[in-house]
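Open the model in your viewer and keep the selection panel at hand.

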Amino acid sequence: MKTLALNGGNPVISNAGPHFSWPPITESTTEAVLTQLTKSVSIYNRSGVIAELEDRLKEYFDTKHAVLTSSGTAAVHSAYMSMFIDPGDEVIVPAYTFLATATPLFQLGAVPVLADSDKTGNVSVSDVEAHITDRTTAIMVTHLWGIPADVQALRTLADEHGLALLEDGSHAHGALVDGVKVGAFGNASAFSMNGPKPLSAGEGGFVLTDDDEAYYRVLLHGHYNKRCRSEIPADHPIAAYGVTGMGLKFRIHPLAAAIALDQLGSLDNYLARREVTANYLRQELGHVPGIKFPEIQDGVRPAWYGLPLTYVPEELGGLPIERFHTALLAEGLHEIDRPGSTGPLNQLPLFQDPEPMFPHYSARAEVAYRGGQFPVAEQVWRNTLKLPVWHRLEDLPLIDNYIEGIRKVVDRHTELLG
Ligand SMILES: *Cc1c(COP(=O)(O)O)cnc(C)c1O
């Protein structure tokens, strides 16, 4: 008779953690950073570790161009700029995503048109289609928690309507759809390499594209002078702007690039290990009442940035998710998380009333979102519990403890009711 920790019993896990840490900093990471430190800490053109990492990214994703940026947010901003998104243009973005998938649109004066999720949490293709108007210029898709959205259907939809497709691959480095890496479907795509992301630089990001014109615009948006002057052909009509660029600077730090270059060498190993962990958790917890796993379509390989569980309160006597989660935390399962800043954007003040920050939106009554407008996204988000997907074999006992803890709370859930 194991009493629930919340009711005074012993927790399944007594070690306070952390139980998961990312990125893995190995000796080779340390050496890469120290070597870079002695070589150069500021790179103005496309050379050294910058060129090396961009070349490796182009090879890895099979795209013509890659441009490193200081953050994923900057990468998203430049990707929008590369597609000629103008003030007043409508861009369809998932309602359920991390905020930076959409927030750079405010900088461009464009209108973020939110689309609801399907039951997986990823954006619903039919809801995207329902929001296309004659002012729509692009569709943006996020591959939430590393599980690819239906990017092939979105590609077809964008082509049918003459729209640009953009991808935010920040959760999904290395995820595949029919053998093709996500990030290679869009006209341009943006990735974060922030701390916890599957490919980490600590801070950083990158834009991918096959389109030369988009590449030049990404350069002019986040770079100036040397790099623009060496990369944009001198006879190109916009080459003259290379000296100033567009007025922003989004260069990555060479030490961050050195970290990412080191991590990229192990990415496929980490992804393979994460896949084993995710499959194990799904197998061990697959028949436990109260939780459901996302269905993975044939031909799809997720990057498993996280493992989202859908909580089904009706299967546990209506036990509220807050209480279920509290009971799991009490068992010492500290890494089980409810998503916070990745959530329905219609709940955020910037999307409800941007005018105090951006006065020109006073003319745009359409950016006046309210809670409750995206029922599927809001429901999926509310019922999501997220597990880390461990990448090390030696974490197996810990993974078993998490499984035991979840089973314990589910088995004894009636003690939490009423
Ligand atoms: C992390 C993230 C970003 C922003 O990246 P930063 O590097 O933190 O600026 C954008 N989109 C998604 C989906 C993210 O998860």
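How much of the accessible surface of the chain belongs to carbon and sulfur atoms? The share is 51%, out of a surface of about 17300 Å². Keep in mind that this is a predicted model.

**Whole chain**

Look for 14 helices and 15 strands. Now turn the view along the principal axes: the C-alpha atoms fill a box of roughly 80 × 55 × 40 Å. The radius of gyration is 22 Å, which agrees with the value near 22 Å for a compact globule of 418 residues.

Colour by burial next. Buried residues account for 56% of the 418. Then turn to contacts between residues at least 6 apart in sequence: 71% of them join residues at least 24 apart.

Select the charged side chains. There are 32 positive and 50 negative ones. The centres of these two sets lie 5 Å apart.

**Helix 3**

Select residues 72–82. Show the side chains. The buried set includes Ala 74, Ala 75, Val 76, His 77, Tyr 80 and Met 81.

A side-chain oxygen of Ser 71 comes within 3.3 Å of the backbone nitrogen of Thr 73.

Finish past the other end. Phe 84 follows helix 3, and its phi is positive, near 60 degrees.

Conventions
Residues numbered from 1 in each chain as written. Predicted model: local features only at pLDDT ≥ 70, side-chain atom pairs only at ≥ 80, totals over all residues. Heavy atoms only, no water. Helix = DSSP H or I, 4+ residues; strand = E, 2+ residues; numbered from the N terminus. Rg over C-alpha atoms; globule rule 2.2 N^0.38 Å. Buried < 20%, exposed > 50% of the residue type's maximum accessible area, 1.4 Å probe, protein only. Contact = heavy atoms within 4.5 Å. Areas by Shrake-Rupley, 256 points an atom, 1.4 Å probe, with all protein chains shown as cover. Lys, Arg positive; Asp, Glu negative; His and termini not counted. Charge placed at Lys NZ, Arg CZ, Asp CG, Glu CD. Polar contact = N/O pair within 3.5 Å; in protein donor to acceptor, adjacent residues only side chain to side chain.
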